[in-house]
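Try each task yourself, then follow the solution one step at a time.

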Amino acid sequence: MDSRNIIHLSLLLLPLLLSLHFKTSESSVHIYPSQPFHDVGNSLLLYGGSEGIFASSRSFIRFENITLWRTNDIQRKGRNGLVQAVIFEASDRNNIGGSAYGGQRSICCTPDLAKLQGCKQGEIIRIPSSHDPNWPILLRAKFKGKTLSTKMEDTEILIKKTGMYNLLFISCDSKLKGVKLTGKTVWKNPEGYLPGRMAPLMKFYVYMAFAYVLLSVVWFFQYLRFRKDILQLQHCVTVVIVLGLLEMVFWYLDYANFNSTGKRPLALTTWVVTIGAVRKTVSRILILCVSMGFGVVKSTLGGLTSKVLLVGGTYFVASEMLDIAENVGIIDDVSGRAKLFLVLPDAFLDAFLILWIFTSLSRTLEQLQMKRTSVKLDIYRKFSNALAVLVVTSVAWIVYEVHFKATDPFNERWQTAWTITAFWDVIAFVLLCIICYLWTPSQNSQRYAYSGEVDEENEEVQSLTGGKQDGDISLVKLEKNTDSDTEEDIEEDKRE
């Protein structure tokens, strides 16, 4: 397949890459620091959390020191008031609430619903589940007299069915408006506090760390073996490998700590996110520089250096802010928490970089074809083919991801949701391996680094003699070609 056609195809697919995947991050200790209730329909509601839990005798949701506080105005009036907590599995969501005469669905029992369904007015409408009549679970806390606060009984709910569980605190008494809640709930899976949605990722990061270790061993062996012939490009690849390994190791440490304690330290999670943002930024800039021919076809980027650094710095800031919003301080097992104004800049910069990469790659291929530099042309053709395949694969995955999220609004397929996050780490690793393979350190690294026209006859002689035959003449040719290529590159950068 012709390289130009592949690049053109990739550019046509570029708009689809504006879709962005979402990562999720959760916590198993949900702390409520004086959180207020909100008006939802005919009820006052506070969202308590949502997590995937595997059934086991060791799986539970535990209520600890759940205390409700009402305002002084309500307390002085000395009115009673009821607040209920409801726990339900996602498949039983329709067992909460009801509607009278086909009208709007209501969480709290109304006079009409009391007649039709026999529910108790002023309380939550609860329909027993088909798999267990005790579910959904209802817990109660009632204000009495002029008390300012009331405490919900500390209890532990055992999870006997694998599913996505949700917790809501609800009051059907409009006179309790302004009520707040303090305390915490603890959600535990069989193997620890890590939510079921995230549990497979901890093992995944172990495998990815081993993969980076293996790549590091192979790369550093070649790197040290030919350390006198290392290119600037290969130094950059080394940095990306180290960053990737550190990122996988720290993600594992973050998840392992989360699994054992149920909490995510702010400093550790922020540090992991920052390493990831640096790795993603350096990786994209590396691919852009390779596409421009830096370190292989020309020795500098010329006038484009400042533009590349500016785009890289902007991308780092956008990626860091987005990843912090998605990973730091999120306490639910649901996706799509990132704010739109943080998603759009990151998606736009990704699309802009892809466009710039393929445009530069197309120009570099044309230059190599004109100069008839067959060795480098073959490498760049392989690189463009691999990059195009990965772009098409990524687009296909984005389409699948959008379909996955659109058809699963209640996260009932949470057990496979971890693959959404894992895919992008795998793609990044595969692309890094391809770059390592194509530009692995060797004794010919410097020889072909910035050389210009090398005809087939000279390449064949060099390959047979190891570059030793007619060494003086070859060096003179290389120096002349290097000087001429450098001048051409500078003129081209000025035009750009």
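Before we start, one definition: a helix here is a DSSP run of H or I with at least four residues, and a strand is a run of E with at least two. Keep in mind that the model is predicted.

**Exercise 1. Find which residues UniProt lists as "transmembrane region", then describe the chain over residues 379–400 and 420–440.**

Step 1. The unreviewed UniProt entry gives residues 204–224, 236–253, 338–358, 379–400 and 420–440 under this heading.

Step 2. Look at residues 379–400: the chain there is 100% helix and 0% strand, with 32 Å between the end C-alpha atoms.

Step 3. Now take residues 420–440, where the chain is 90% helix and 0% strand, and the C-alpha atoms at the ends lie 31 Å apart.

**Exercise 2. Work out whether α9 and α10 are roughly parallel or roughly antiparallel.**

Step 1. A pair of packed helices is described by the angle between the axes and by the distance between them.

Step 2. For α9 (residues 374–406) and α10 (residues 418–438), the axes come within 11 Å and cross at roughly 180°.

Step 3. Angles over 145 degrees count as roughly antiparallel, so α9 and α10 are roughly antiparallel to each other.

Step 4. Check who touches whom: the contact includes Phe383, Leu387 and Trp397 of α9, and Phe423, Ile427 and Leu431 of α10. The residues of this contact divide into 17 nonpolar, 3 polar and 2 charged.

**Exercise 3. Describe the largest pocket and its lining.**

Step 1. Its volume is about 540 Å³.

Step 2. Of the 23 lining residues, Phe88, Arg93, Ile107, Leu168 and Phe410 are the closest to the centre.

Step 3. The elements giving two or more residues to the lining are β3 (43–53) and β9 (163–171).

Step 4. Sorted by type, the lining has 12 nonpolar, 9 polar and 2 charged residues.

**Exercise 4. Locate two backbone details, at Pro136 and Ser34.**

Step 1. The peptide bond from Trp135 to Pro136 is cis, with omega near -10°. Pro136 sits in the loop between α3 (111–117) and β6 (137–143).

Step 2. Ser34, in strand β1 (residues 29–36), has a positive phi near 55°, in a residue other than glycine.

Technical notes. Residues numbered from 1 in each chain as written. Predicted model: local features only at pLDDT ≥ 70, side-chain atom pairs only at ≥ 80, totals over all residues. Heavy atoms only, no water. UniProt positions renumbered as here; feature names shortened; annotations may be inferred. Axes fitted to C-alpha atoms, helices over the stretch in contact; angles between N-to-C directions. Parallel < 35°, antiparallel > 145°, perpendicular 65-115°, else oblique. Contact = heavy atoms within 4.5 Å. Nonpolar A, V, L, I, M, F, W, Y, C, P; charged D, E, K, R; others polar. 1 Å grid on protein atoms, 1.4 Å probe; cavity = no way out; pocket = protein on both sides within 12 Å on 5 of 7 lines; lining within 4 Å. Points joined across faces, edges and corners; volume = space filled by probe spheres on them.
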